[in-house]
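This briefing sets out selected features of the structure shown below.

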Amino acid sequence: MTSEIYERLRRVDPDYYTFERVNDMVPLLDKVRRLKRERHAVLLAHNYQRAEIFEVADETGDSLGLALKAAEVKEAKVIVFCGVHFMAETAKIVNPTKTVLLPDPSAGCSLADSAPADAVRDRIEELKQAFPDLAVVTYVNTTADVKALSDICCTSGNAVSVVRSLPARNILFIPDRNLARHVANNVPDKNIIAWDGACYIHEQITPEAVLQVRSAIPGLKILAHPECRDDVLAIADATLSTSGMIDYARRSDATKFLAVTECGLSDLLSIEVPDKQFYRACKICPFMKSITLENVVESLEKLQFEITIPEETRRQAERAIHRMFEVTSRDAIPLPPNVPVE
Ligand code: SF4
């Protein structure tokens, strides 16, 4: 058992995942599995989580994939969300009868924090004076309060198709300015008004760092997340959501990739696509990495920390999320239509 897990995890980082360290993790992994059975719980893990969390996850995925999975949970009573606060909120919004737990209540998100609900409400009122047809499109990296103010939600994988689907020409896009620019480039007939927010993790990745890796590795394919700066996206071979990157790496004839996003995705790629090589110019999100096996065990033992949302807010946010579900089929998630696989 230990050696199987060790073989998987050492592909991620042989210096960190030593045999001794993995051996020490095994009792905790067993404990999480036992507690999941006792609590009738499922564990959903975002693609940026620690590699050992993937070992006990029932589902891994990007924001949209996990929101869909959370909505489908029927038998289990508890959803343990290994991700950040807005993601656990989304699970509660789409499946309100379940107990949704976030193992670390301080697992926030700088991007979600950049759009406080009061400021968003004021901006919507102001813009509606100038643009009566205004539609409010909210990236899922926002609080439930902000989703409740929105016409429709989107993820990085479906933002372009969500905006294309709207009859309105004037769109307030909240909160990521880089994703807004990516959408504006792909849907030129819309007037995209970007909220001035950004993910401070993706903002730290520079084109110089990416080009340094590219010049050292011939044949490297660069896959960049749309939350990256536009000078980084300009040198990428494809701009993709995290699940889109996994799909691309599986289907591509290329064997060497640089996943330009949070480092957890490179870890997951090393596990999921073991016959290819993944290089790094990534950054670590401390909010994502605050979820550990230890606090997952504690979360299951004490049923902490439970996500609660006022019902009126939840209902309005659910409407915006369901509109997104209606616009995008599951098949549309992995690759936006303008991205060829080479
Ligand atoms: S990587 Fe950025 S957008 Fe994602 S959770 Fe961390 S701070 Fe938020």
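The model is predicted, and its pLDDT averages 93 over the protein, with 96% of the residues scoring at least 70. Residues 330-342 have a pLDDT below 50, and this stretch makes 25 contacts in the model beyond near neighbours in sequence.

**Domains and their contact**

- The domain assignment of the protein gives domain 1 as residues 2-108 together with 288-302, domain 2 as 111-198 and domain 3 as 205-279.
- Taken over C-alpha atoms, the centres of domain 1 and domain 3 lie 24 Å apart.
- In the contact between these two domains, 14 residues come from domain 1 and 11 residues from domain 3.
- On the side of domain 1 that touches domain 3, helix α3 (51-56) and strand β2 (59-61) each contribute at least two residues.
- That side of domain 1 is made up of 5 nonpolar, 5 polar and 4 charged residues.

- Nonpolar side chains tend to be buried together in soluble globular proteins.
- In this model the largest nonpolar core has 109 residues, and Leu44, Phe81, Leu223 and Val260 have the most contacts inside it.
- Helix α5 (residues 85-94) provides the largest share of this core, with 6 residues.
- Helix α5 is mostly covered, since 10 of its 10 residues are buried.

- Ser270 lies in helix α15 (residues 263-272).
- Ser270 counts as buried because 20 other C-beta atoms lie within 10 Å, and 20 or more is the cut-off for that class.
- Not counting residues up to four places away in sequence, Ser270 touches Arg11, Val12 and Phe278.
- Ser270 and Tyr6 are 264 residues apart along the chain, while their C-alpha atoms are separated by 13 Å.
- Ser290 belongs to the loop between β12 (277-279) and α16 (293-302).
- Ser290 is classed as partly exposed because it has 17 C-beta neighbours inside 10 Å.
- Beyond its neighbours within four places in sequence, Ser290 makes contact with Asp104, Ser106 and Ala107.
- From Ser290 to Glu306 the separation is 16 residues in sequence and 17 Å in space, C-alpha to C-alpha.
- Phe19 is part of helix α2 (residues 19-39), and 13 C-beta neighbours inside 10 Å make Phe19 partly exposed.
- Tyr6 and Phe19 are 13 residues apart along the chain, with 6.2 Å between their C-alpha atoms.

**Backbone geometry**

- Most residues other than glycine have a negative phi, and most peptide bonds are trans.
- Ile174 and Pro175 are joined by a cis peptide bond, with omega at about -10 degrees.
- Pro175 sits in the loop between β7 (170-174) and α10 (177-186).
- Gln304 and Phe305 are also joined by a cis peptide bond, with omega at about -10 degrees.
- Phe305 is placed in the loop between α16 and α17 (311-327).
- Leu303 is found in the loop between α16 and α17, and its phi is near 50 degrees, a positive value in a residue other than glycine.
- Leu303 counts as partly exposed because it has 15 C-beta neighbours inside 10 Å.
- His40, in the loop between α2 and β1 (41-46), has a positive phi of about 50 degrees although it is not a glycine.
- His40 counts as exposed because it has 12 C-beta neighbours inside 10 Å, and the cut-off for that class is 12 or fewer.

Technical notes. Residues are numbered from 1 along each chain as its sequence is written. This is a predicted model: local features need pLDDT of at least 70, side-chain atom pairs count only at pLDDT 80 or more; totals for chains, interfaces and linings use all residues. Domain bounds come from an automatic or database domain assignment. Two residues are in contact if their C-beta atoms, placed from the backbone, lie within 7 Å. Helices (H or I, at least four residues) and strands (E, at least two) are DSSP runs, numbered from the N terminus. Ala, Val, Leu, Ile, Met, Phe, Trp, Tyr, Cys and Pro count as nonpolar, Asp, Glu, Lys and Arg as charged, and the others, Gly among them, as polar. A nonpolar core is a set of buried Ala, Val, Leu, Ile, Met, Phe, Trp, Tyr and Cys residues joined through C-beta atoms within 7 Å. pLDDT is the predictor's confidence in each residue, from 0 to 100.
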